[in-house]
Amino acid sequence: MKKVIISTVLATSLAFAGSAFAAPNQYTATNSDTFWTISQKFGVPLADLMAANPQVNPQNIYAGLVIQLPGASTQKMSWEAKADAVIATGMTQLGTPYVFGGDTPNVAFDCSGFVQYAFNQNGFNLLHSSSILSQMGTPVSRSELRKGDLVFLQGTYTSGVSHVGIYIGNNKVLQASTYGGTREVKISTLFGTPYYDAHYWGARRIIN
């Protein structure tokens, strides 16, 4: 009888230990989840969540998908909070069609109309022009890019600066674009993509 009790206690202890050491940094998604809803659910920065899951297509989060949760972060700096807010606003427009001159949420955006919307919804006052945006803020080198910086392409359909997107970290850009077969707001890989490498103009920082 004593052996049975000891065995039961031992098994229970082992089971508890196993559950205690189960990975606390993972979440199993549902069909209604997006990176945005998960970031809000766990109180983690959207850009950090995406950086922790580079293999996940943000537009294809499905039930059963295991999402890695970033570790606890230190308190955000003011620029980081602003950048996360801008990116979160932009993420709500994923899939919105690209139309030249577009500036209407959930209807149509072009590149600078999208950037203008994401920033101006968060207290900025940007104009609807990639050329003008490329003259704002301070220049940023590739090695110093951080989330919220504006990245620019040149010579895409006209000479000079002709495209702008929002850098979100992990070599990804959130943009309204026609490149890659879809004309919509989407997330694209920046450096290492031949088209972007060939047309890259530079970056500017307006979030401080």
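R142 counts as partly exposed, at 45% relative accessibility (buried means under 20% relative accessible area, exposed over 50%, and partly exposed in between, with a 1.4 Å probe and protein chains only). The model is predicted, so local features need pLDDT of at least 70 and side-chain atom pairs count only at pLDDT 80 or more, while totals for chains, interfaces and linings use all residues. Residues are numbered from 1 along each chain as its sequence is written, and side-chain values use heavy atoms, with hydrogens and water left out.

R142 lies in the loop between β5 (138–140) and β6; helices (H or I, at least four residues) and strands (E, at least two) are DSSP runs numbered from the N terminus. When neighbours within four places in sequence are set aside, R142 is in contact with F191, D197 and Y200, where contact means heavy atoms within 4.5 Å. R142 and G202 are separated by 60 residues in sequence, but their C-alpha atoms are 7.7 Å apart in space.

The chain as a whole has seven helices and 10 strands. Of its 208 residues, 43% are buried. Among contacts with a separation of 6 or more, 56% are between residues 24 or more positions apart. The accessible surface of the chain is about 10,800 Å², and carbon and sulfur atoms hold 56% of this surface. Accessible areas come from the Shrake-Rupley method with a 1.4 Å probe, and for residues only the protein chains shown count as cover.

Several of the strands are paired, which requires that DSSP find at least two bridges between them. Strand β10 (residues 200–205) pairs with two of the strands described here. β5 and β10 are antiparallel and share three bridges, with T138 opposite R205 in β10. β6 (residues 150–154) and β10 also run antiparallel, joined by four bridges, and here L150 stands opposite R204 in β10. Five of the six residues of β10 are buried, and this strand is mostly covered.

β6 is likewise mostly covered, with four of its five residues buried. β6 also has an antiparallel pairing with β7 (residues 161–169), made by five bridges. In this pairing V151 is placed opposite G165 in β7. β6 and β7 form a hairpin with six residues between the strands, in which G155 takes a positive phi near 65°.

In helix α2 (residues 35–42), the residues F35, I38 and S39 are buried. These residues lie on the same side of α2, because they cover an arc of only 100° around the axis, the arc being that of the directions from the helix axis to the C-beta atoms. The buried residues of α2 pack against β1 (26–28), α3 (46–51), β2 (66–68) and α4 (78–91). G43 follows α2 and has a positive phi, near 65°.

Helix α4 has 14 residues and spans 20 Å from its first C-alpha to its last, close to the 20 Å expected at 1.5 Å a residue; the expected span is 1.5 Å times one less than the number of residues. This helix is mostly covered, with 10 of its 14 residues buried. The buried residues of α4 include W79, E80, A83 and D84. Further along α4, V86, I87, A88, T89, G90 and M91 are also buried. The packing partners of the buried residues of α4 are α2, α3, α5 (111–120), β7, β8 (172–177) and β9 (184–189).

Helix α5 is largely enclosed by the rest of the structure, because nine of its 10 residues are buried. The buried residues of α5 are C111, S112, G113, F114, V115, Q116, Y117, A118 and F119.

Q93 is found in the loop between α4 and β3 (103–104). Q93 is buried, with a relative accessible area of 2%. Residues up to four places away in sequence not being counted, Q93 touches P105, N106, F109, F114, Y117 and V185. The side chain of Q93 is also joined to that of T92 by a polar contact of 3.4 Å. A polar contact is a pair of N or O atoms within 3.5 Å; within protein, one must be able to donate a hydrogen and the other to accept it, and residues adjacent in sequence count only if both atoms are side-chain atoms.
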